[in-house]
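Please look through the sequence and the structure shown here before reading on. The paragraphs below can then be followed with the model in view.

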Amino acid sequence: MTDASSLPPALRRAVELFAEPPTRLDLRDGYLDLLDDAASPNQAPPENKGLIQAVWASGPGSMFYDYAQGFARRFVGAWQLPIEWLDIPKGGVALDIGSGPGNVTASLARAAGSDGLALGIDISRPMLARAVSAQAGPNVGFLRADAQRLPFRDATVDAVTSLAVVQLIPEPASAVAEMHRVLRPGGRIAIMVPTVGSVPPPLRWLSRGGARFFAEDELGDLFEQRGFERVRTKTIGNMQWVRAQHP
């Protein structure tokens, strides 16, 4: 158990954004763990128990994902983060859902400036430990939390992004609703997911391993149903970016 005053600066600021600050602050390897593994199944959000999630949650899997994502973001156009479009204000708060190794979170922090705050959310302990080791800082913090039940108050975040993670969330609609809830009016969101398209046969096993391939308009329609405005989609190969703005 950790007292809030002894948390790293970024996590202290994160706690101030919580709707209901937990009575027990569990700091592990530099990240704040908000998931109680002993919670009742009736209280816990739905969990992805597929093979792919299990791989990413493992130590070797987190290492592989770290290097693979870094390579993809550098050389593959579909993985380029639309950081300028997100228009994160200086001193603003940005949220990275499924932050993995934390490099995207760090990019958000640089855009927000030294007075801003970037928070990475993930459920994989090995991923979070790697992220803290590589990217944590005064304005970069990491939380073990579920995207289907974000801990923040309404309208506390200026920008939200997520790269190739929503397809692993059991209830994407719940995650999108939470992202909409925590965004401030005018805040922007950019999500990247795999789409059905012409999925090569070798990749079709992924859907059996717990990864979902979205139909071409599925996520964009979900954004509009939730109340986002200026919804735009761009598909590159089998990856699609969905961008939108909170009204």
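The structure is a predicted model, and its protein chain has an average pLDDT of 83, with 76% of the residues scoring at least 70. Among the elements of the chain, β3 has the highest mean pLDDT, at 98, whereas helix α2, residues 51-56, has the lowest, at 47. Over residues 38-43 the pLDDT stays under 50, and the model gives this stretch 1 contact beyond four places in sequence. Residues 204-209 also have a pLDDT below 50, although this stretch has 10 contacts beyond near neighbours in sequence. Where pLDDT is low, the predicted coordinates should not be read in detail.

The largest nonpolar core holds 40 residues, and the members that touch the most others are Leu 95, Phe 152, Ile 189, Leu 219 and Phe 223. Two or more residues come to this core from each of several elements, including α1 (9-16), β3 (93-97), β7 (183-194) and α8 (218-226). Apart from this core lies another, of 23 residues, among them Tyr 31 and Val 132. Returning to Ile 189, its contacts beyond four places in sequence include Trp 85, Met 179, Phe 223 and Val 242.

Arg 230 belongs to strand β8, residues 229-236, and is partly exposed because its relative accessible area, 46%, falls between the limits of 20% and 50%. Although Arg 230 and Gln 245 are 15 residues apart along the chain, their C-alpha atoms are separated by 6.0 Å, and their side chains make a polar contact at 2.6 Å. Leaving out residues up to four places away in sequence, Arg 230 also touches Arg 188, Arg 243 and Ala 244.

Definitions and conventions: Residues numbered from 1 in each chain as written. Predicted model: local features only at pLDDT ≥ 70, side-chain atom pairs only at ≥ 80, totals over all residues. Heavy atoms only, no water. Core = buried A, V, L, I, M, F, W, Y, C linked by side-chain atoms within 4.5 Å. Buried < 20%, exposed > 50% of the residue type's maximum accessible area, 1.4 Å probe, protein only. Helix = DSSP H or I, 4+ residues; strand = E, 2+ residues; numbered from the N terminus. Contact = heavy atoms within 4.5 Å. Polar contact = N/O pair within 3.5 Å; in protein donor to acceptor, adjacent residues only side chain to side chain. pLDDT = per-residue confidence, 0-100.
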